[in-house]
Amino acid sequence: MVKAAKRTKLSTDHKVTEYFTVRKSIRKTKIQVLREQQRSLEALIRSETEEGLEFSYIDGKGRGVFASKNFEKGDFVVEYSGDFISLIEANEREEQYAQDETTGCFMYYFKYKDQTFCIDATQETGKLGRLINHSRTSSNLYTKTVLVDGLPRLVLLAKESIKRGQELLYDYGDRSRESIKHHPWLKY
C-alpha cells in the first residue's frame with residue numbers, strides 16, 4: 001500500500017513584495033527634467049552669475065568675451081541683461097543714441113508669446129552679456145527666452161562644447177538691408 005503524500009494548500013494571499021524587494025525607478029519624466037532645467041536657469045538668472053567669462057580687447061573689433069572655463073552644449077553661459085523697456089521707449093532711446101556718435105546701441109528686440117519686447121543694455125554696467133560679439137557663421141551661443149518672476153529674460157546658452165579661451169559669439173539675427181549697409185560685419 002502506497003502512502004498518500006500529505007498535501008498542503010498553497011496560500012494565494014501573499015504579495016510578490018513579501019518575497020522580493022520593491023525596486024523603484026530613478027528615471028525622471030521629460031516634464032520633470034524640463035521643470036528642473038527651468039528652475040536651474042531661473043536660479044542662475046536671479047543670482048546674476050557670470051562665471052567662466054572674461055573680456056578682452058580685440059584688434060579691429062573692440063571688446064569681446066572669452067570663455068575662462070569649458071562649457072558643454074546646452075550650458076547656461078550668461079544673461080543679456082539691461083533695462084526691460086517698452087517699444088515706445090526703445091524708439092525714443094534709439095533716436096537719442098543716434099544723436100551721439102560716441103554712444104553705441106545695445107538694444108535687443110525679441111518676441112515672446114507673439115509680443116515684442118526690448119532689452120536695452122547700452123548703459124555700461126559691468127555685465128558681460130552685452131559685450132558678446134556677433135557671428136552669423138561661427139556662433140557658439142544661442143539665445144533663449146526664460147520667464148522669471150513674470151518677465152521674459154534673455155539668456156545665452158552654449159550651442160556646442162566651448163573650450164576655455166574661445167571667443168563667445170552669437171548671431172544677432174539682424175538681416176535688414178539698412179543695418180547691413182551701416183554695419184557690414186553683420187553679414188558674417
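Q: Helices are DSSP runs of H or I with at least four residues, strands are runs of E with at least two, and both are numbered from the N terminus. How many helices and strands are there in the protein?

A: The protein has three helices and 10 strands. Read from the N terminus, its elements follow the order α-β-β-β-β-α-β-β-β-β-β-β-α. Residue numbers start from 1 along each chain as its sequence is written, and side-chain values use heavy atoms, without hydrogens and water. This is a predicted model, in which local features need pLDDT of at least 70 and side-chain atom pairs count only at pLDDT 80 or more, while totals for chains, interfaces and linings use all residues.

Q: What share of the residues in the protein is buried?

A: Buried stands for under 20% relative accessible area, exposed for over 50%, and partly exposed for the range in between (1.4 Å probe, protein chains only). Of the 188 residues in the protein, 31% are buried. Accessible areas are from the Shrake-Rupley method with a 1.4 Å probe, and for residues only the protein chains shown count as cover. The protein exposes about 13900 Å², of which carbon and sulfur atoms supply 50%.

Q: What share of the contacts in the protein with a separation of 6 or more is between residues 24 or more positions apart?

A: A contact means heavy atoms within 4.5 Å. Among contacts in the protein with a separation of 6 or more, residues 24 or more positions apart account for 64%.

Q: How far apart are the end C-alpha atoms of helix α1, and what span should its residues give?

A: The expected span of a helix is 1.5 Å times one less than its number of residues. Helix α1 covers residues 30–46; its 17 residues should span 24 Å, and the end C-alpha atoms are 24 Å apart, which agrees.

Q: Which residues of α1 are buried?

A: They are Leu41, Glu42 and Ile45. These lie on the same side of α1, because they cover an arc of only 100° around the axis. The arc is taken over the directions from the helix axis to the C-beta atoms. Among the elements that cover the buried residues of α1 are β3 (76–80), β8 (141–148) and β9 (151–158).

Q: In what order do the three strands of the open sheet stand?

A: Two strands pair if DSSP finds at least two bridges between them. The order is β3-β9-β8, with antiparallel pairing. β3 and β8 are the edge strands, each pairing on one side only. From one strand to the next the twist averages 35°. α1 packs on this sheet, touches β3, β8 and β9, and points at about 90° to the direction of β8. For these angles, axes are lines fitted to C-alpha atoms, for helices over the stretch in contact, and the values run from 0 to 180 degrees between N-to-C directions.

Q: How many bridges join β8 and β9?

A: There are eight bridges, in the antiparallel sense. Tyr142 has Leu157 in β9 as its bridge partner, and Val148 has Leu151. Between β3 and β9, also antiparallel, there are four bridges; Glu79 stands opposite Val155 in β9. Six of the eight residues of β9 are buried, so that strand is mostly covered.

Q: Which residue in the hairpin of β8 and β9 takes a positive phi?

A: Most residues other than glycine have a negative phi. In this hairpin, with two residues between the strands, Asp149 takes a positive phi near 55°. Asp114 is not a glycine either and has a positive phi of about 60°. Asp114 sits in the loop between β5 (107–112) and β6 (115–120), and its relative accessible area of 80% makes it exposed. Just after α1, Glu48 has a positive phi of about 55°, in the loop between α1 and β1 (53–58).

Q: Which residue in the turn between β1 and β2 has a positive phi?

A: Gly60 does, at about 75°, in a hairpin with three residues between β1 and β2. β1 pairs with β2 (residues 62–67) over six bridges in the antiparallel sense, and Ser56 stands opposite Gly64 in β2.

Q: Where is Ser138 found?

A: Ser138 is in the loop between β7 (133–134) and β8. Ser138 counts as partly exposed because its relative accessibility is 46%. Ser138 and Leu169 are separated by 31 residues in sequence and by 7.2 Å in space, C-alpha to C-alpha.
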